[in-house]
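Keep the coordinates open as you read.

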Amino acid sequence: MKIAIIGTGGVGGYFGAKLAQAGFDVTFLARGEHLKAIQKNGLQVKSILGDFHTDHLTATDSIPKIGKSDLIILCVKAWQIKEISTDLKSIIHDDSMVLPLQNGILASEELKEAIDEKHILGGLCRIISKIESPGTINHFGVDPIIVFGELIETDAKRSQELKTLFTKAGIRSEISNDITSDLWGKFLAICVSGLLAITKTTHGEIMELKETRQMMFDLLTEIYVLSQKVGVHLKSDIVDQTMAFIDSFPYESTTSLTRDVWQGRPSEIEYQNGTVVKFGEKYGVDTPINKFVYHCILPMEIKARKPKP
């Protein structure tokens with residue numbers, strides 16, 4: 001099976017390296033010094049589950065150069081999906097599977113604007129990882145897992161084949177019978193990223209202070225109430241479960257959005273708290289904490305996206 005990893009950051013770098021290590025034909029999309037390092041030395045993965053190195057990897061900075069692929073795993077930022085969707089068409093054949101692992105709940109819908117939905121699976125992953133340096137991925141939190149499921153009725157056999165592929169690569173995975181609900185479940189957890197950004201705290205720091213812990217609880221509760229209005233099936237104790245899950249994170253851990261905001265880079269704020277605010281307005285649900293977080297970050301986001309002189 002020919003596999004394309006579109007975006008070789010903390011997510012794509014980790015899962016792509018696991019697939020390559022297992023002997024699958026994997027091509028990585030990367031750029032800059034990271035691309036050069038991968039082409040020269042492969043990928044070094046530092047992981048809480050054990051370090052490993054993969055060499056002799058194929059990598060490029062052009063999607064069309066990848067060629068037709070059987071499995072296309074999308075690991076770019078959520079806001080980049082629209083930018084790449086047209087190019088993705090050039091590497092899709094009749095039986096290709098496209099698996100988006102973006103944060104948020106909009107990736108599959110945005111892909112459908114350019115790609116036949118029969119190719120698209122719903123997907124998410126749980127992992128805390130980042131590019132430590134060019135050619136090096138650091139996985140420093142959470143036991144990695146990919147959760148995926150069909151968005152429309154298709155040949156269910158392909159989902160089982162995909163799970164088998166992940167198992168061969170040593171990647172824990174799960175086939176979801178309701179991927180939309182699972183996406184919303186993760187959506188709750190990732191929307192705390194903006195709160196970390198504006199309080200300039202790690203997961204551990206924000207959770208140990210009573211006042212900011214309560215803010216996080218209220219932020220999550222707003223999203224849960226919104227999900228019920230939208231018609232998503234989430235368990236009634238999802239907020240408590242999410243708080244407990246975040247409590248298990250390494251004390252010093254942060255998220256990609258948090259680090260992007262701190263470092264003045266474009267972030268996924270529109271696909272996280274921004275989406276909560278817009279859905280809240282659409283469905284008549286008040287979301288004051290998410291509004292506060294979103295509007296605090298928005299000026300920094302606008303500045304980060306201005307063309308550099």
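**From domains to pocket**

In helix α2 (residues 32-41), Lys-36 and Glu-33 form a salt bridge, with the closest N and O atoms 3.3 Å apart. A salt bridge here is a side-chain nitrogen of Lys or Arg within 4 Å of a carboxyl oxygen of Asp or Glu. The two residues are 3 apart in the helix, so about one helical turn separates them. Lys-36 is exposed, at 52% relative accessible area. Exposed means over 50%, buried under 20%, and partly exposed in between (1.4 Å probe, protein chains only). Helices (H or I, at least four residues) and strands (E, at least two) are DSSP runs, numbered from the N terminus.

This is a predicted model: local features need pLDDT of at least 70, side-chain atom pairs count only at pLDDT 80 or more, and totals for chains, interfaces and linings use all residues. Residues are numbered from 1 along each chain as its sequence is written, and side-chain values use heavy atoms, with hydrogens and water left out.

Now step back to the whole chain. The protein is divided into domain 1 (2-177) and domain 2 (181-305). These bounds come from an automatic or database domain assignment. The C-alpha centres of the two domains lie 24 Å apart. Contact means heavy atoms within 4.5 Å.

Leaving aside neighbours within four places in sequence, Trp-184 is in contact with residues including Ile-105, Ile-223, Val-230 and Phe-279. In soluble globular proteins, nonpolar side chains tend to be buried together.

Return to the charged pairs. A search of the whole structure finds 11 salt bridges. One of them joins Asp-143 and Arg-172, at 3.5 Å from N to O. Asp-143 lies in strand β9 (residues 136-150) and Arg-172 in the loop between α5 (157-168) and β10 (173-175), so the pair ties together parts that are 29 residues apart in sequence. Asp-143 is partly exposed at 43%. Arg-172 is partly exposed at 42%.

Where does Arg-265 find its partner? Arg-265 forms a salt bridge with Asp-260, with the closest N and O atoms 2.7 Å apart. Asp-260 is buried at 4%, whereas Arg-265 is partly exposed at 38%. Lys-77, Asp-260 and Arg-265 are linked in a network of salt bridges.

Gly-9, Gly-10, Cys-75, Lys-77 and Ser-256 lie nearest its centre, among 48 lining residues. The space amounts to about 1,400 Å³. A pocket is an open set of points on a 1 Å grid over the protein atoms alone, where a 1.4 Å probe fits, with protein on both sides within 12 Å along at least five of seven lines; lining residues have an atom within 4 Å of a point. The largest share of the lining, 8 residues, comes from β8.

Notes. Grid points are joined across faces, edges and corners, and a volume is the space filled by probe spheres set on the points.
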